[in-house]
Amino acid sequence: MSDSWSNRSKSTVSEDASAPSMQCRIYDRIPVQDKNAKSYFYCLELSAGNTFDFGFCRKENVPSLLKDVLTIGTTRVVKGAYHDLMIPTVPSNLWVRQSRKYDPSHIIMWLENSIVLTEEYKDAITRLRRMGMRFAIRIDAMGDMAKTPEMLNNLDYLLVDNSKASEFFTVIQGLRQKNPNLKSIGFKREVSIFSFTKAEAKNFDLVLGCVQNDLLKYETFRPKWQHEMLRTFAQLYSGIYDVKEVGNLVSHYPLMATATKGMMGSKPLTNLTIKRNNAATLNETPGLTQFDIRNYLAISVGYNLFTLTEKQVCEQNHKEFDLNDVNYEPFVASILFGKIVDLMSQEGCDDVSAPLGFMTGFLRYAHVFLHDDEKRTFEEFPLSAVAECYNGGGGQLGTIIRFNKLMAEHKVDDALDFEGGQAIAKEQFYSYISHAFAWTDAVIRAIGIIKDPKNDDFD
């Protein structure tokens with residue numbers, strides 16, 4: 001996590017409310033977990049529509065945040081299966097005036113760094129607190145909150161830089177004497193699929209990021225069923241596969257069967273997947289393509305591989321396995337990354353490589369599916385073409401992959417200097433992210449990771 005977690009450049013009040021700089025867009029979301037890798041809520045990373053700077057939503061962008069992001073549909077998607085949503089922003093009075101349009105009791109407001117408590121902000125925090133909103137702030141950037149005792153009682157979470165945690169232990173203990181309910185949330189400045197080890201996460205009540213899943217202790221060879229799944233990935237990727245053979249494989253694995261059936265029968269997922277382009281006529285009914293079905297099968301294989309490997313890890317550690325206790329966040333991140341790559345490849349790749357966009361992006365985290373280290377996974381992984389896209393080759397698709405990898409790791413300057421980022425339209429990129437979140441949500445509901453299909457807390 002970098003210092004972008006503070007309000008960036010200020011814009012003038014006179015700017016047109018419809019200007020890109022005034023629009024609030026979702027850049028990413030990060031799970032907040034405990035030491036056991038159990039998720040409690042997501043934290044949004046937000047951007048103005050004219051920039052790739054990410055982090056806090058400025059006061060000027062709050063109207064768009066409330067109007068464009070905290071809609072019923074978008075909120076349902078970005079909060080997933082969880083009750084709450086953390087939003088880094090400022091406590092302007094607009095939050096109070098429009099409190100009927102959202103539920104304050106579902107919001108944790110991460111206050112801007114070094115906040116200056118104007119009368120407006122103090123009034124808004126007090127009133128929003130009465131409505132059930134909770135508040136968080138970085139312990140090393142508390143600003144006026146540290147100088148205002150009555151405001152300290154409104155805090156629920158203290159964000160703590162993992163690299164400096166020992167420096168603030170005494171400070172946290174002192175603040176808890178005044179507010180015993182304060183919880184700590186550790187964060188790091190770098191970004192990866194797993195942000196914390198379980199040992200690191202033990203130092204905090206919660207952490208911002210995904211906690212490392214236990215790795216499988218491999219014997220000399222991989223389990224036969226893992227090889228079977230990897231071979232199926234290779235067949236699907238190459239396009240040389242027999243539908244009946246894959247169908248027979250699916251029938252032998254209940255998790256694959258459930259996932260495939262769920263996705264094929266999901267109307268929301270179908271609607272989000274089908275591309276209604278200009279080639280369709282009034283006499284044609286748009287439907288799933290062979291490539292869409294192949295992507296569904298790839299997700300089913302990945303879900304089966306990820307979950308059964310988790311089961312075997314539990315057996316090795318003599319723990320009871322329960323599908324409801326699995327840390328699915330890295331798997332969900334794989335789907336999201338794959339879909340963003342897929343959407344970009346439709347615009348920037350030829351007809352040969354474009355259909356491979358989703359699978360290539362999805363397999364970025366193949367080592368996560370196997371609960372193995374990345375080096376060992378790609379040494380054995382049969383999809384050399386996938387690895388090439390991450391290692392400097394892969395043509396147009398490889399360029400898109402490496403651009404998105406840099407963006408996902410928050411290396412924005414490197415991404416924009418890279419050839420794939422030189423001509424990227426910001427509004428278009430945010431539209432890809434928005435669609436990818438909705439599509440990913442539909443997938444994980446269809447395969448049963450999120451059990452409640454309605455999840456209408458904000459209705």
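The model is predicted; local features need pLDDT of at least 70, side-chain atom pairs count only at pLDDT 80 or more, and totals for chains, interfaces and linings use all residues. Residues are numbered from 1 along each chain as its sequence is written, and side-chain values use heavy atoms, with hydrogens and water left out.

Helix α8 covers residues 224-238, 15 residues in total. Helices are DSSP runs of H or I with at least four residues, strands are runs of E with at least two, and both are numbered from the N terminus. From first to last C-alpha, α8 reaches 21 Å, close to the 21 Å expected at 1.5 Å a residue. The expected span is 1.5 Å times one less than the number of residues. The buried residues of α8 are W225, Q226, M229, L230, T232, F233, L236 and Y237. Viewed down the helix axis, they fall within an arc of 155 degrees, so they line one face of α8. The arc is taken over the directions from the helix axis to the C-beta atoms. Buried means under 20% relative accessible area, exposed over 50%, and partly exposed in between (1.4 Å probe, protein chains only). G239 follows α8 and has a positive phi, near 85 degrees.

Helix α18 spans residues 395-408. Its 14 residues should span 20 Å at 1.5 Å a residue, and its end C-alpha atoms are 20 Å apart, which agrees. Ten of the 14 residues are buried, so α18 is largely enclosed by the rest of the structure. The buried set includes I400, I401, R402, F403 and N404. Just after α18, H410 takes a positive phi of about 65 degrees.

The model holds 22 salt bridges. A salt bridge is a side-chain nitrogen of Lys or Arg within 4 Å of a carboxyl oxygen of Asp or Glu. R138 pairs with D140, with the closest N and O atoms 3.0 Å apart. R138 is buried at 5% relative accessibility, whereas D140 is partly exposed at 30%. K147 bridges to D144 at 3.7 Å between the closest N and O atoms. K147 is exposed, with a relative accessible area of 65%.

D214 and K198 also form a salt bridge, at 3.4 Å from N to O. D214 lies in the loop between β8 (206-208) and α8, and K198 in helix α7 (residues 198-201), so the pair ties together parts 16 residues apart in sequence. Both partners are partly exposed: D214 has a relative accessible area of 27%, and K198 has 25%. Elsewhere, salt bridges with shared partners join R364, K405, E409 and K411 into one network.
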